[in-house]
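User: I would like to go through this structure step by step. Could we begin with the charged side chains?
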Amino acid sequence: HEPRKLFWLSLQGSMFNTWKPMWVVLLEDGIEFYKKKSDNSPKGMIPLKGSTLTSPCQDFGKRMFVFKITTTKQQDHFFQAAFLEERDAWVRDIKKAIKCIEGGQKFARKSTRRSIRLPETIDLGALYLSMKDPEKGIKELNLEKDKKIFNHCFTGNCVIDWLVSNQSVRNRQEGLMIASSLLNEGYLQPAGDMSKSAVDGTAENPFLDNPDAFYYFPDSGFFCEENSSDDDVILKEEFRGVIIKQGCLLKQGHRRKNWKVRKFILREDPAYLHYYDPAGGEDPLGAIHLRGCVVTSVESNSDGRKSEEENLFEIITADEVHYFLQAATPKERTEWIKAIQVASRTGK
């Protein structure tokens, strides 16, 4: 059967004592995971029949964007996504797969075609490619709602407008049926509370012909910007890198020059250092782009006097923004400096 979803996720469970990045594939009746994307045979398989899903999962206080699958044999499998939208998309699709199994339906394109009586002449894959055509397809925009900016996005009524004007459907009602099929098969993804609620609800059509319902193509580079407590802009692409180090450090503020404890997560390819409120919250307070940066230990102040703070180090970004951080021990400072240096050279 054609996979529903496939992506890199970190995985811990009965087969692994530590977290490992795995190539994960969601099928109609289970989840297969591979050590490498190019592997022909899976490392293992998690059956979904009778399984339960927990999200968000708080079993790991220091790990963000975790969800858990518990099988009928009471085996727990933990997954960590790179960012919030990715975790929510996985959770939504896995729940649908489990629901299809319980209802005796197959989690595949044929089941969607039957459930909404989709004409056999419709090729959803070809239609999706037409919708993504740079010149004649649906225009991706930056849309604002509830103090959030949704990038590489479009509205529900724009999708229906395009289907009608492109003569892919005869009327808006038929367009709604086709758009729901595209949504069910993963060719479209919901963005924002209104469209997500419709997908999770029990309405006949999970797709909304509405100017306030936002959607995006799954491989378009969609990201959502919110108001941040720091000046750094958070982009979705930043979270695609594999986590190579995390821990708590003291960070000096840019404005008040005061020091606060922050939880830091270092990712490579792309190379970013995100920092969070250690008390909780899944959204980072800021991000440091490490590509081309310089990181060094700090033994003295700018006036040449020996610094009163121990284990300090400084990151100077390619844009010449200075960040001062403090580790708990000399060893920890050395480990962070080495890890950041590697990420700055190898990550894009």
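User: How many salt bridges does the structure hold?
Analyst: The structure holds 4 salt bridges, where a salt bridge is a side-chain nitrogen of Lys or Arg within 4 Å of a carboxyl oxygen of Asp or Glu. Please note that this is a predicted model, in which local features need pLDDT of at least 70 and side-chain atom pairs count only at pLDDT 80 or more, while totals for chains, interfaces and linings use all residues. Residues are numbered from 1 along each chain as its sequence is written, and side-chain values use heavy atoms, with hydrogens and water left out.
User: Which residue forms a salt bridge with Glu-174?
Analyst: The partner of Glu-174 is Arg-170, and their closest N and O atoms are 2.7 Å apart.
User: Is Glu-174 buried or exposed?
Analyst: Glu-174 is buried, with a relative accessible area of 17%, whereas Arg-170 is exposed at 72%. Buried means under 20% relative accessible area, exposed over 50%, and partly exposed in between (1.4 Å probe, protein chains only).
User: What about Arg-172 and Asp-209?
Analyst: Their side chains meet in a salt bridge of 2.9 Å, N to O. Arg-172 is in helix α5 (residues 172-184) and Asp-209 in the loop between α6 (193-200) and β11, 37 residues apart. Helices (H or I, at least four residues) and strands (E, at least two) are DSSP runs, numbered from the N terminus.
User: Where do Lys-245 and Glu-335 lie?
Analyst: Those two side chains also form a salt bridge, at 3.8 Å from N to O. Lys-245 lies in strand β13 (residues 242-252) and Glu-335 in helix α7 (residues 330-346), so the pair ties together parts that are 90 residues apart in sequence.
User: Let us change topic. How many aromatic pairs are there?
Analyst: The count comes to 7 aromatic pairs. Rings of Phe, Tyr and Trp (its six-membered ring) pair if their centres lie within 6.5 Å; planes under 30 degrees apart count as stacked, over 60 as edge-to-face and the rest as tilted. One of the pairs is Tyr-128 with Phe-217, which is edge-to-face at 5.7 Å centre to centre, with 80 degrees between the planes.
User: Why does that pair tie together parts that are 89 residues apart?
Analyst: Tyr-128 lies in helix α3 (residues 124-131), and Phe-217 lies in the loop between β11 (214-216) and β12 (223-225), so the pair ties these parts together. Phe-217 is buried, at 0% relative accessibility.
User: Which residues form the aromatic cluster?
Analyst: Tyr-128, Phe-154, Tyr-187 and Phe-217 form one aromatic cluster.
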